[in-house]
Amino acid sequence: MSELTQSTTRGLPKVNGSAVVMGLYLLFLLLPIYWLVMMSLKTNSEILNSFTLWPRDLTFDNYLTILTDASWYTGYLNSMAYVVMNMVISLLVALPAAYAFSRYSFMGDKHLFFWLLTNRMAPPAVFALPFFQLYSSVGLFDTHIAVALAHCLFNVPLAVWILEGFMRGVPKEIDETAYIDGYSFPRFFIGIFTPLVASGIGVTAFFLFMFSWVELLLSRTLTSVNAKPIAATMTRTVGAAGIDWGVLAAAGVLTIVPGALVIYFVRNYIAKGFALGRV
Amino acid sequence: MNKTVNQKAWFLILPVLFLVAFSAVIPLMTVVNYSVQDTFGNNKFFWAGLEWFKEMLESERMWNALGRQITFSAIILAIEIPLGIFVALNMPKKGFWASVCLVLMSLPLLIPWNVVGTIWQIFGRVDIGLLGYTLAALGIDYNYTQDFYAAWITVIVMDVWHWTSLVALLAYAGLQSIPDAYYQAAKIDQASRWKVFRFIELPKIMGVLMIAILLRFMDSFMIYTEPFVVTGGGPGNSTTFLSIDLVKMALGQFDLGPAAAFSIMYYLVILLVSYVFYTVMTNLDKREGN
């Protein structure tokens, strides 16, 4: 069968064309990142005084500055802390809700689902000020949990949406058989159902990580010192003597690393994951 | 799938309801509250009715920001959707190179948005950036902090760089799900490449494409961090999009009433458009199911 789809005479030039397209596209994606990495390995005088495509005077000082200074690296720890908290909270509340949406119809279910989605559509700029006042008034300002809860605004609806797609793919007969066998709902849900949608949970976690990690407006508004995210710490490089380009670039590169690691671990699920369980 | 009617399913939704009520409804009520009141300081508020809404509807500032916002979203959708599909069609189907493409393409999606701004801010600078330096060396006058067109092009190229991969990955996932038999049938019918795309691939990826359009519309309509880092909304107000203007008004000038009225109208516009997309999407889902 496969010979039919891969006739070499017509297939060969097409493959080359695709390779060129992909090559150009990846070049477009990677050039700005390449430039950032190269800049982080240069000294400031090299950055400002000469234009070089790669560092002539290779230095790791910029990274050392960040990794040895507590006010720098706690930024990373803060970001990690609220991202993980947000992932746990979002998954815990979204799992049962997604199950309900995928299995049962009940009063107002469609409206409720759309209303949840509307929160994904809410511009963070609209919520910045009210969040600031809300969390200040309950004494949560400048804590990790405040940012984690604020990010639930867009992450919980997203989690419900993605998980619902994956759960729809699990045959309903499994539920019915389990109930006949005398499983209670919690035992069935934790013991049987959750492992079945494990890949869906992984994909969801990936998206939760992504949107919580990249967000800055809310996390910056809700923190000042103790829970300040790394992205906000980066403004420190602007000093009286101008911008410390090398350190800024190094800090930028270090914010890409966690994302790159996560991508590496989920690389086999990315394609399916991006379809949110809907193919 | 046909679903069982079960009102007790509400109990499974309750945790989400409580959480969202805390993180969305309460803040939203604060906004509504501000939008109908006026203050002379000291936390004393007066009923202002629909004054602020009237003022905002008559203010040129909001309409200009809205115009810029719609232009921006329209341009990036017009570029990213076709380009994303085109890239997806050219991606390797499987094997080592498919993984390489997937990993590299996902990379921009996981970079914090202000770092995306920083990357392009550096990249475009005439003195130290590769792009700016090259353009200057070619004799092209390019300065995104002073020139209207340069600022717009930079912001648009940055968004294309940042998000086209999302569209491409979604389309790619849709393409992967098409069985080989479809292509073989097309081959037997001697369908042209364009016809294969138009009648096999496009209908099959329509569902995920709607997700892509919905996500891209929503996110581009609330864009804040990236253009703010690169251009700061300038030169002048030329790249001041709705969110940038709103933050300026609410957190910068502390004009709570107008900002709240602005917020509500802003939210309503997004809701309206998203509702249209969502309805189209669920209808597509249903048609697929039958």
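Predicted model: local features only at pLDDT ≥ 70, side-chain atom pairs only at ≥ 80, totals over all residues.

1. Chain B overall. Chain B has 290 residues, of which 42% count as buried. Its secondary structure amounts to 12 helices and three strands. Along the principal axes, the C-alpha atoms of chain B fill a box of roughly 75 × 70 × 30 Å. If one takes the contacts in chain B between residues at least 6 apart in sequence, 71% of them join residues at least 24 apart.

2. An unreviewed UniProt entry places the feature "domain: ABC transmembrane type-1" at residues 66–277 of chain B. In the model, residues 66–277 of chain B are 77% helix and 0% strand. The end C-alpha atoms of this span lie 20 Å apart.

3. Transmembrane annotation, chain B. From an unreviewed entry, UniProt lists "transmembrane region" at residues 12–36, 70–89, 96–123, 149–175, 196–218 and 259–278 of chain B. Two of these spans can be set against the model. Residues 70–89 of chain B are 100% helix and 0% strand, with 29 Å between the end C-alpha atoms. Residues 96–123 of chain B are 79% helix and 0% strand, with end C-alpha atoms 30 Å apart.

4. Transmembrane annotation, chain A. For chain A, the UniProt annotation "transmembrane region", again from an unreviewed entry, covers residues 20–41, 80–101, 113–132, 144–167, 188–214 and 245–266. Residues 113–132 of chain A are 90% helix and 0% strand, and their end C-alpha atoms lie 27 Å apart. For residues 144–167 of chain A the figures are 100% helix, 0% strand and 31 Å between the end C-alpha atoms.

5. Contact between the chains. How many residues of chain B are in contact with chain A? The count is 78 residues of chain B, against 86 residues of chain A. Helix 1 (residues 10–35) of chain B gives the most to the chain B side, with 13 residues. By class, that side of chain B has 56 nonpolar, 19 polar and three charged residues.

6. Strand 1 (residues 104–105) of chain A pairs with strand 1 (residues 4–5) of chain B in the parallel sense, over two bridges. A:Tyr104 has B:Thr4 as its bridge partner in strand 1 of chain B.

7. Nonpolar core. The largest nonpolar core has 157 residues, and A:Val160 and B:Ala171 touch the most other members. Helix 8 (residues 144–168) of chain A gives the most to this core, with 17 residues. At least three residues of the core come from each of domain 1 (2–40) and domain 2 (68–274) of chain A.

8. Surroundings of B:Ala171 and B:Ile205. Leaving aside neighbours within four places in sequence, B:Ala171 is in contact with B:Gly84, B:Ile85, B:Ala88, B:Ile205, B:Val208 and B:Leu209. B:Ile205 is in helix 9 (residues 193–221) of chain B. Is B:Ile205 buried or exposed? B:Ile205 has 26 other C-beta atoms within 10 Å and the cut-off for a buried residue is 20 or more, so B:Ile205 is buried. Not counting residues up to four places away in sequence, B:Ile205 touches B:Ala171, B:Gly174 and B:Leu175. The C-alpha atoms of B:Ile205 and B:Ile85 are separated by 9.4 Å, although these residues are 120 residues apart along the chain.

9. Domains of chain A. Chain A is divided into domain 1 (2–40) and domain 2 (68–274). Their C-alpha centres lie 32 Å apart. The contact takes four residues from domain 1 of chain A and six residues from domain 2 of chain A. On the domain 1 side there are three nonpolar residues, one polar residue and no charged residues.

10. Helix 11 of chain B. Eight of the 11 residues of helix 11 (residues 242–252) of chain B are buried, so this helix is largely enclosed by the rest of the structure. The buried residues are B:Leu242, B:Ser243, B:Ile244, B:Asp245, B:Leu246, B:Val247, B:Met249 and B:Ala250. Just after helix 11 of chain B, B:Phe254 takes a positive phi of about 60 degrees.

Note on methods
Residues numbered from 1 in each chain as written. Chains lettered and ligands numbered in written order. Core = buried A, V, L, I, M, F, W, Y, C linked by C-beta atoms within 7 Å. Buried ≥ 20, exposed ≤ 12 C-beta atoms within 10 Å, placed from the backbone. Helix = DSSP H or I, 4+ residues; strand = E, 2+ residues; numbered from the N terminus. Domains from an automatic or database assignment. Contact = placed C-beta atoms within 7 Å. UniProt positions renumbered as here; feature names shortened; annotations may be inferred. Nonpolar A, V, L, I, M, F, W, Y, C, P; charged D, E, K, R; others polar. Pairing = 2+ DSSP bridges.
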